[in-house]
Amino acid sequence: MSLKLDLLSLWMPEFVIKKELKLLGDVTIGELDRLLQENAPSYLKSVKRPVFEGDSTAIRAEIASAHNKRVNLLVDSLGRDKAIQLGREALFIVGKDLGSQIKNRIGVGKSLNELIKAASILYLVLGITFKVKKINGDIFMVVNRCSLARHYSPETCLILSAADEGVVKGLNPKIKMKFTERIADGAACCLASIQVEE
């Protein structure tokens, strides 16, 4: 296990959180803009790139608002089903790339414990708290608080949660995560199954 992974899981200064938020915002918003450019270029003119000002709470809200606007435009132009399909496919790939970068940057090993530690760092940046639990022999991630959920529409959450699923795959290709319940849909918590390939 890397020392960097251990240290970041214990404490992360605000300036690092803001830097990582801006990176995540740039990448995810950029991908949604690319989808709009390819599928509904006239709609892209109605959105501006956020400037990411203020503290981490303000930046998270700005990112969530930018995600919402773009997902709503995709749904308006393509219809809900097509927008969700294209959005989830694209954001999963973005997440997988981010997961691979994080793995190399902070040194994430192959164990489930190291993946959970890396996820806790990423979710700290996003303002998300979670626990990993075994329920009837299966492993689940239970998200009790998500700073993005109160800003997201159900469609935005459905699309952006694919990035989380991709991050897990990028961190460890033998581990798969799939959300089955979401706070943005009205659930008490977000629930994601975690499957480890033998």
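Which residues in H2 meet residues in H5? In this predicted model, Glu20, Leu23, Leu24, Val27, Thr28, Glu31, Leu32, Arg34, Leu35 and Asn39 of H2 meet Leu86, Gly87, Ala90, Leu91, Val94, Leu98 and Arg105 of H5. Classified by residue type, the contact of H2 with H5 has ten nonpolar, three polar and four charged residues.

**Packing of the helices**

Two packed helices are described by the angle between their axes and the distance between the axes.

| Helix pair | Axes come within | Crossing angle |
|---|---|---|
| H2 (residues 14-39) and H5 (residues 80-106) | 10 Å | roughly 150 degrees |
| H4 (residues 56-78) and H5 | 7 Å | roughly 130 degrees |
| H6 (residues 112-126) and H7 (residues 154-171) | 11 Å | roughly 140 degrees |

The axes of H2 and H5 cross at roughly 150 degrees. Because angles over 145 degrees count as roughly antiparallel, H2 is roughly antiparallel to H5. H2 passes H5 in a right-handed crossing.

Helix H5 also packs with H4, and the axes of H4 and H5 cross at roughly 130 degrees. That angle makes H4 oblique to H5. H4 passes H5 in a right-handed crossing. On the H4 side the contact is made by Leu74, Val75 and Leu78, and on the H5 side by Arg80, Lys82, Ala83 and Leu86. The residues of the contact of H4 with H5 comprise five nonpolar, no polar and two charged.

Leu115, Ala118, Leu122 and Tyr123 of H6 make the contact with Asp164, Val167, Val168 and Leu171 of H7. By class, the contact of H6 with H7 holds seven nonpolar residues, no polar residue and one charged residue.

**The nonpolar core**

The largest nonpolar core has 63 residues. Those that touch the most other members are Leu32, Leu91, Tyr123, Leu126, Met141, Val143 and Met177.

What does Val143 touch, not counting residues up to four places away in sequence? The residues are Tyr123, Ile128, Thr129, Phe130, Ile183, Cys189 and Cys190.

Cys189 itself lies in the loop between strand S3 (175-181) and strand S4 (190-196). Cys189 counts as buried because its relative accessibility is 17%, and the limit for buried is under 20%. Apart from residues up to four places away in sequence, Cys189 touches Val142, Val143, Asn144, Glu181, Arg182 and Ile183. The C-alpha atoms of Cys189 and Glu89 are separated by 24 Å, and these residues are 100 apart along the chain.

**Two residues with positive phi**

Most residues other than glycine have a negative phi. Phe52 has a positive value, near 55 degrees. Phe52 lies in the loop between helix H3 (41-44) and H4, and with 9% relative accessibility Phe52 counts as buried.

Asn136 is not a glycine and has a positive phi of about 50 degrees. Asn136 is placed in the loop between strand S1 (128-135) and strand S2 (138-146). Is Asn136 buried or exposed? Asn136 is exposed, because its relative accessible area is 79%, and exposed means over 50%.

Terms used
Residues numbered from 1 in each chain as written. Predicted model: local features only at pLDDT ≥ 70, side-chain atom pairs only at ≥ 80, totals over all residues. Heavy atoms only, no water. Core = buried A, V, L, I, M, F, W, Y, C linked by side-chain atoms within 4.5 Å. Buried < 20%, exposed > 50% of the residue type's maximum accessible area, 1.4 Å probe, protein only. Contact = heavy atoms within 4.5 Å. Axes fitted to C-alpha atoms, helices over the stretch in contact; angles between N-to-C directions. Helix = DSSP H or I, 4+ residues; strand = E, 2+ residues; numbered from the N terminus. Parallel < 35°, antiparallel > 145°, perpendicular 65-115°, else oblique. Left-handed = near helix turned anticlockwise from the far one by under 90°. Nonpolar A, V, L, I, M, F, W, Y, C, P; charged D, E, K, R; others polar.
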